[in-house]
Amino acid sequence: MEGIQLDTKLSQQEIAKLTMQNDTFNKSLVVEGRKTSHELGKDDFLKLLIAQLSHQDPTKPTDNTQMIAQMAQFSSLEQMTNMNQEFAKMNQMLVSSQGVNTIGKTVDLDVGGMTTTGVVEAVTYGQNPQVRVGNMYYDMKQITAVYGE
């Protein structure tokens with residue numbers, strides 16, 4: 001009786017399809033526009049501040065200097081959060097513009113450790129921009145080289 005041999009290697013198309021499915025799943029993890037996190041944000045800080053004020057002893061109110069310091073920390077945290085959001089928007093615009101510049105150019109793509117070459121036909125925008133090469137979509141970060149016309 002002859003042994004059965006199984007081919008356990010995925011083709012480039014199968015790898016690209018699995019990568020797209022993985023990216024789609026990861027995008028679906030965002031709940032109400034907010035990703036789950038194990039860090040405290042400005043909303044959490046404000047909730048803690050309100051809880052502290054509502055549960056303080058009226059006979060021993062919080063020192064004014066402590067209150068001012070906490071408000072300054074909250075203001076600083078809010079400004080850093082706003083700057084971070086703006087930097088993220090700017091980064092997204094830069095990556096999208098890089099993608100547009102690849103349209104019509106030949107690119108090398110790293111697909112599961114293998115290199116494939118093709119011409120970029122289209123680009124998608126968003127948090128994870130993708131390029132379409134040969135009717136398949138690939139993440140911008142998979143591009144290893146771009147060649148002139």
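Author: In this predicted model, a residue is called exposed when its relative accessible area is over 50%.

Reader: Why is Asn-135 called exposed?

Author: The relative accessible area of Asn-135 is 63%; the cut-off is over 50%, and therefore Asn-135 counts as exposed. Asn-135 lies in the loop between strand S3 (130-133) and strand S4 (136-139).

Reader: Why are strand S1 and strand S2 said to pair?

Author: Pairing requires at least two bridges between the strands. Strand S1 (residues 106-111) and strand S2 (residues 114-124) are joined by 6 bridges, so they meet this requirement. The two strands run antiparallel, and Asp-108 has Thr-117 in S2 as its bridge partner.

Reader: What makes S4 and S5 the edge strands of the sheet?

Author: The open sheet has 5 strands in the order S4-S3-S2-S1-S5, paired antiparallel. S4 and strand S5 (143-147) each pair on one side only. On average, neighbouring strands of this sheet are turned by 45° against each other, direction ignored.

Reader: Which residues have the most contacts inside the largest nonpolar core?

Author: That core has 13 residues, and those with the most contacts inside it include Val-107, Leu-109 and Tyr-138. Helix H1 (12-28), S1, S2, S3 and S4 are the elements that give two or more residues to the core. S1 gives the most, with 3 residues.

Reader: How do you know that Leu-109 is in contact with Ile-143?

Author: Contact means heavy atoms within 4.5 Å. Leaving aside neighbours within four places in sequence, the residues in contact with Leu-109 include Val-131, Val-133, Tyr-138 and Ile-143.

How values were computed. Residues are numbered from 1 along each chain as its sequence is written. This is a predicted model: local features need pLDDT of at least 70, side-chain atom pairs count only at pLDDT 80 or more; totals for chains, interfaces and linings use all residues. Side-chain values use heavy atoms; hydrogens and water are left out. Helices (H or I, at least four residues) and strands (E, at least two) are DSSP runs, numbered from the N terminus. Buried means under 20% relative accessible area, exposed over 50%, partly exposed in between (1.4 Å probe, protein chains only). Axes are lines fitted to C-alpha atoms, for helices over the stretch in contact, and angles run from 0 to 180 degrees between N-to-C directions. A nonpolar core is a set of buried Ala, Val, Leu, Ile, Met, Phe, Trp, Tyr and Cys residues joined through side-chain atoms within 4.5 Å.
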